[in-house]
Each structure stands twice: as C-alpha cells, then as structure tokens.
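Student: I've got a model open on my screen and I'd like to talk it through. Can you take me around it, one question at a time?

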Amino acid sequence: MQRHKILWADDEIDLLKPHILFLTSKGYDITPVNSGADAIEQCEVANYDIVFLDENMPGMTGLETLAQIKTQKPNLPVVMITKSEEEHIMEQAIGSQIADYLIKPLNPNQILLSVKKILENKRLVSEKTTLNYQQEFRNLSMAYNDRLDHEQWADIYKKLIYWELALDSSENKDMREMLESQKAEANKYFCDFIMDAYEHWIKDPKAEKPLLSNQLMLKKVFPLLANPEPVFFILIDNLRYDQWKIIEPMISEYFTVEEESTYYSILPTTTEFARNSIFSGLMPSDMQKNHPDLWVDDDEETGRNLNEDKFLEHQLKRNRLDAKMSYHKIIHTNQGKTLLDNINNLMSNKLNVIVYNFVDMLSHARTDIAMIRELAPDEPAYRSITKSWFLHSPLFDIIKKIAEKKVRLVITTDHGTIRVQRPYKIIGDKETNTNLRYKQGKNLTFDEKNIYFTRKPENLMLPKRNLTTTYVFTKEDYFLAYPNNFNYYVNYYKDTFQHGGISLEEMIIPFISLSPKQ
C-alpha cells in the first residue's frame with residue numbers, strides 16, 4: 001500500500017511529536033520543519049502529498065509561505081493550522097486555495113480525518129458508492145418485474161442516472177459494466193411498457209398518462225405567466241436528464257430550483273415532431289390538419305421547424321393569453337452573443353423563448369467527425385463535453401445575466417438521445433425518411449418482431465402522406481439499417497447518439513423551473 005508523504009511546518013514542531021507518531025502509526029511518512037523558509041526549501045527538493053502549515057510562525061508567516069508554495073506547486077494540498085479564529089485570516093487562507101483549515105489545540109483524529117479527506121477521498125467515496133449500488137442493484141432489478149406506471153418508470157430512470165453519475169468517478173470498472181447491463185434491462189422493460197400503453201394514452205382522453213409534449217406549455221409554462229415577472233423559457237435541444245444533472249451545479253450558483261420534474265416526449269422523439277408539438281400544443285396530425293401552411297411536408301427536420309414561433313402564437317391565442325413574447329433560435333455562437341447583448345431589451349416581454357441547438361449539433365458532430373468520437377468515446381465523456389461546452393458558452397452567460405433580473409426561468413428540452421449499438425434491417429423506397437430510429441413510408445419491409453410499428457398512424461395522431469403510410473419505431477439501442485452496403489452502414493452509425501425511437505433516454509426528459517437567488 002502506498003505510504004503518503006506529509007510535510008509539517010511549525011515553529012513548535014517538537015511539541016507535535018505525539019501527533020507525528022500517531023500519523024506515522026497510521027501509515028504516513030512525516031517530514032518535520034520549524035519554519036516557513038524550511039518548508040519552501042523542502043518543497044523544492046522533494047515531493048509531498050500534503051503540507052501542514054502553521055499560520056503564526058516567526059519570520060515568514062504561514063500565509064506568506066502558502067503563497068510561495070502555491071507558486072511552485074499550485075496543485076499541492078495545503079492545510080492551514082492556527083490558534084487564531086479571526087475571520088480575515090480564514091478568508092485569506094481560503095482565497096489562497098487551501099485544502100483545509102484546522103484550529104489549535106489539535107485532536108489526533110481531527111488531523112487524521114483531514115488527511116483522509118484530502119488524500120483518500122476518491123478511494124473512500126468510490127468504495128462507499130460501490131457498496132451502496134450493490135445494495136440497490138437487487139431492488140432496481142426486482143422493480144422491473146412489477147407492473148409499473150409512467151411515474152414509477154420516471155423514478156427508476158432518475159435512480160439509474162443517479163448511480164450512473166455516482167459511478168462515473170469510480171475506478172471499479174465491474175460496477176460500471178453492471179450498471180450498463182442493468183440500464184439495458186430497464187430499457188427493455190420500459191419499451192414493452194410504452195408499446196403497451198402509448199396508443200391508449202393517445203386515443204383515450206381520460207387515460208392515466210404522463211404529461212406529454214403537446215401539453216407542456218399549457219400545464220407548466222402558461223400558468224407562470226400569471227405572475228408579474230417575465231418568464232424566460234430555454235429549450236436546449238437533445239438535453240437528456242443526465243446532461244441536465246451535469247450542468248445543474250453551475251446553474252444552481254445563480255438560481256434556486258423551484259421544480260425539477262420530467263415529462264414524456266411524444267413519438268417520434270425527433271425535433272420536427274416533438275418540438276413542434278410543444279410550441280403548437282397539438283399532436284402532429286392536428287398540426288397537419290389545422291395548420292397546413294405551417295406543417296411543411298419536408299423530410300428535413302430544419303424545414304419543419306421553421307414555424308415554431310408562429311405555432312406558439314397560435315397556441316397563446318387559442319388559450320386567450322394576450323402575452324407579449326419573443327422567440328430566438330440559437331444555432332451559432334455569434335447568435336448567442338448577440339442575444340446576450342440584447343437581454344435588457346427582452347425584459348418588457350411576458351414570455352421569452354430561447355431555443356438552443358448545441359447539444360443536437362454535438363450528437364450529429366459525434367456521428368460525422370472522427371475527432372469528436374475520440375473526445376467522447378462513451379457516456380461519461382459525452383457528459384464531460386456537454387459540461388465543458390456549457391461552462392464556456394454564451395448560453396451560460398445569458399443565464400447568468402438573466403439571474404440579475406426579477407424573472408422566472410424554465411429549462412427543458414424536446415427529446416433525448418440514446419447511443420445505438422444494434423442494427424435492425426429495413427427496406428424502404430426513396431421517399432422514406434432518413435432518421436435511424438424511426439421510419440415512415442408506404443413500402444416498408446421489416447421483421448415485425450422486436451419493433452414497434454403502426455399501419456394506422458391516426459391511432460397515434462401522426463400525419464399520413466398517403467393511405468398506406470406505416471410508421472416504424474426502434475426500441476432499446478437498435479438503429480435501422482438498409483441491407484444495401486449493410487456492413488459499411490453499421491460500422492459508420494454504430495455507437496453514435498441518435499433519437500426518434502423508444503427508450504428511457506429519449507422519452508423521459510427534464511423540466512426545470514428556477515428563480516434567481518439574488
């Protein structure tokens with residue numbers, strides 16, 4: 001077992017021998033010195049895992065010593081020890097990025113706790129997390145065998161994400177693989193649940209069902225317009241629940257989370273269907289029927305999403321809401337910077353809608369660009385890129401600027417994505433759409449096993465191009481592939497993030513309501 005090396009600087013170091021002997025007995029090697037200058041010299045000639053630094057030493061003070069040590073080795077953990085409880089000394093030490101702050105007289109166990117917290121925190125947390133997940137594993141697996149409703153499935157998904165994030169930093173590869181297997185099993189049962197329940201949700205107005213895309217504005221956003229403050233509604237395309245949990249700590253520095261919930265995306269879980277449903281307040285077949293001028297019959301998602309602002313205006317009027325609104329779609333960084341500069345001008349609007357497309361572009365870039373695949377080879381890395389982007393994005397700057405105002409902020413998405421692994425053969429004509437997770441067409445040929453399909457789109461309130469239109473939805477981690485050039489197609493798209501089908505990741509998505517902390 002590795003023996004950690006500790007440098008301890010104190011002008012009364014001889015009086016600390018009992019503590020030094022105690023730490024030595026616990027497996028730590030201690031180098032004692034009696035001045036700040038000696039501590040700096042030792043840091044120059046040897047490597048240490050941690051430094052204990054007395055603040056009140058003659059000659060060079062602890063704070064002065066700390067500053068020089070941090071200049072040499074900025075990542076070396078330093079624990080400041082002092083007799084003083086003066087606030088300004090604590091603030092200076094904390095501002096200099098100390099690892100801990102101890103006040104004399106010292107207690108041996110207090111010192112040991114500080115050392116373990118700094119040097120062994122990752123190992124101890126990993127071991128405890130692994131133990132706790134092992135205890136939870138059986139409970140989650142047994143739950144799948146029960147007849148769960150939509151709320152229980154949302155709870156299970158949140159628990160799986162909790163453990164997934166907790167195990168991200170764990171060095172126990174076996175536990176992460178066990179969780180991946182359990183998540184795949186959960187998706188299998190969830191897809192069976194959706195195949196059994198979804199048509200009933202759509203056809204029966206009285207069915208016990210979750211909040212769906214077409215009811216999101218009416219049930220969650222429009223009620224907020226009754227309050228005096230403006231509402232900022234930010235929709236981040238493709239934002240999964242786990243990605244929300246990654247950026248939540250950054251946002252929580254500026255906002256208080258008033259509500260964190262989930263809702264279900266409609267099928268297909270694509271931008272053209274789900275997002276238009278949010279803004280129109282309608283199911284796709286009603287959009288086609290009631291607004292043929294806005295529902296563009298175009299295979300390209302961007303073509304069908306050119307009228308979101310108009311759909312929203314119609315929905316506001318239909319619900320007799322005379323609310324002044326703005327709508328901004330951000331695709332490029334410069335558009336985000338322009339909106340940031342214009343935030344003050346939006347405060348006179350009752351509702352400000354911002355659609356931010358980066359996460360969607362990230363998933364597509366990961367498919368098309370080899371370097372992005374290298375940077376995000378798995379789920380933890382994909383989340384890490386999301387976090388890094390958000391931290392340095394105009395969107396985060398926009399959110400921080402909004403936090404200075406008296407507003408209500410809503411963050412949500414239209415659907416999630418899933419990393420696809422298994423191909424599913426299908427044959428279609430040239431008019432069949434290009435999405436890998438669902439197909440619609442009149443001449444589709446496929447194995448009807450292990451897939452969700454309907455030859456009556458009206459039962460799912462989906463538009464029909466012709467009398468024989470069929471919709472086919474993949475489930476779990478399958479993706480649709482044509483037999484022509486099959487191997488090349490599979491190798492290109494396997495392990496990419498896609499959406500349009502049925503999975504926990506695509507359908508159960510976050511809705512967050514926040515208020516500024518100031």
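This is a predicted model: local features need pLDDT of at least 70, side-chain atom pairs count only at pLDDT 80 or more; totals for chains, interfaces and linings use all residues.

Student: Which loop does Pro105 lie in?

Tutor: Residues are numbered from 1 along each chain as its sequence is written, and side-chain values use heavy atoms, with hydrogens and water left out. Helices (H or I, at least four residues) and strands (E, at least two) are DSSP runs, numbered from the N terminus. On that numbering, Pro105 sits in the loop between β5 (100-103) and α5.

Student: And what is the omega of the peptide bond from Lys104 to Pro105?

Tutor: That peptide bond, from Lys104 to Pro105, is cis. Another cis bond runs from Leu267 to Pro268, with omega near -10 degrees, and Pro268 is in the loop between β7 (255-264) and α11 (271-280). For Lys104 to Pro105, omega is near 0 degrees.

Student: Which residues does Leu119 contact, leaving aside its neighbours within four places in sequence?

Tutor: Leu119 belongs to helix α5 (residues 108-119). Its C-alpha atom is separated by 8.2 Å from that of His4, 115 residues apart along the chain. Contact means heavy atoms within 4.5 Å. With those neighbours set aside, the partners of Leu119 are His4, Tyr28, Asp49 and Ile50.

Student: How are α7 and α8 oriented to each other, roughly parallel or roughly antiparallel?

Tutor: Axes are lines fitted to C-alpha atoms, for helices over the stretch in contact, and angles run from 0 to 180 degrees between N-to-C directions. Angles under 35 degrees count as roughly parallel, over 145 as roughly antiparallel, 65 to 115 as roughly perpendicular and the rest as oblique. Helix α7 (residues 150-168) packs on α8 at about 160 degrees, with the axes 11 Å apart. So α7 and α8 are roughly antiparallel.

Student: How many nonpolar residues does the contact of α7 with α8 have?

Tutor: Among the residues that meet there are Trp153 and Leu160 in α7, and Phe190 and Phe193 in α8. For the classes, Ala, Val, Leu, Ile, Met, Phe, Trp, Tyr, Cys and Pro count as nonpolar, Asp, Glu, Lys and Arg as charged, and the others, Gly among them, as polar. Besides two polar and three charged residues, the contact of α7 with α8 has nonpolar residues numbering 12.

Student: What is the relative accessible area of Asp495?

Tutor: Asp495 is in the loop between α20 (486-493) and β18 (497-498). Though not a glycine, Asp495 has a positive phi of about 70 degrees. Asp495 is partly exposed, and its relative accessible area is 24%.

Technical notes: Buried means under 20% relative accessible area, exposed over 50%, partly exposed in between (1.4 Å probe, protein chains only).
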